[in-house]
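Here are my notes on the model, as numbered points. Have the coordinates open while you read.

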Amino acid sequence: RNMSSPAPALRDELTAALGERAAYYWKTLNAFLTGEISRVEFEELVRQALDNPQLGELHSPMRILNIR
């Protein structure tokens with residue numbers, strides 16, 4: 001049984017789906033995880049990058065797993 005984390009695959013899938021917005025998303029997520037911005041600020045900022053349902057679905061598990 002494969003016990004490896006799904007995190008790298010989710011990260012790669014989200015990065016590919018975001019395209020040119022990926023760097024912005026990851027920079028914003030890092031700012032949230034390091035306490036530079038609040039959860040409310042993070043959600044408001046990334047909403048701009050998550051402009052379709054597929055991206056929203058990929059983003060949800062990312063928040064739960066706190067992937068950088």
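1. Start at Leu18: beyond its neighbours within four places in sequence, Leu18 is in contact (heavy atoms within 4.5 Å) with Tyr25, Ala49, Leu50 and Leu55. Keep in mind that this is a predicted model, where local features need pLDDT of at least 70, side-chain atom pairs count only at pLDDT 80 or more, and totals for chains, interfaces and linings use all residues. Residues are numbered from 1 along each chain as its sequence is written, and side-chain values use heavy atoms, with hydrogens and water left out.

2. Leu18 also turns up in the largest nonpolar core, which has 14 residues. Such a core is a set of buried Ala, Val, Leu, Ile, Met, Phe, Trp, Tyr and Cys residues joined through side-chain atoms within 4.5 Å; buried means under 20% relative accessible area, exposed over 50%, and partly exposed in between, with a 1.4 Å probe and protein chains only. The members touching the most others are Leu14, Leu18, Tyr25, Trp26, Leu29, Phe42 and Leu50. Helix 1 (7-18), helix 2 and helix 3 are the elements giving two or more residues to this core, and helix 2 supplies the largest share, 6 residues.

3. For the overall layout, the chain has 4 helices and 0 strands, in the pattern α-α-α-α along the sequence. Helices (H or I, at least four residues) and strands (E, at least two) are DSSP runs, numbered from the N terminus. Buried residues make up 32% of the 68 residues. Of the chain's contacts with a separation of 6 or more, 60% come from residues 24 or more positions apart.

4. Next, the loop between helix 1 and helix 2, where Arg21 sits. Arg21 is partly exposed, at a relative accessible area of 24%. Not counting residues up to four places away in sequence, Arg21 touches Ala49, Asp51 and Leu55. The C-alpha atoms of Arg21 and Leu50 are 8.9 Å apart, although 29 residues separate the two in sequence.

5. Just after the helix, Gly35 takes a positive phi of about 80°.

6. Which polar residue deserves a look? Thr28, in helix 2, is buried with a relative accessible area of 6%. A polar atom of the Thr28 side chain lies 2.8 Å from the backbone oxygen of Tyr24.

7. Now the rings. They pair if the centres of Phe, Tyr or Trp (six-membered) rings lie within 6.5 Å, with planes under 30 degrees apart stacked, over 60 edge-to-face and the rest tilted. The count comes to 3 aromatic pairs. Tyr25 and Trp26 have ring centres 5.0 Å apart and planes at 85°, so they are edge-to-face; both are buried. Phe32 and Phe42 also have centres 5.0 Å apart, but their planes are at 15°, so this pair is stacked. That pair links distant parts of the chain, with Phe32 in helix 2 and Phe42 in helix 3 (residues 39-47), 10 residues apart. Both Phe32 and Phe42 are buried, and Tyr25, Trp26, Phe32 and Phe42 form one aromatic cluster.

Technical notes. A polar contact is a pair of N or O atoms within 3.5 Å; within protein, one must be able to donate a hydrogen and the other to accept it, and residues adjacent in sequence count only if both atoms are side-chain atoms.
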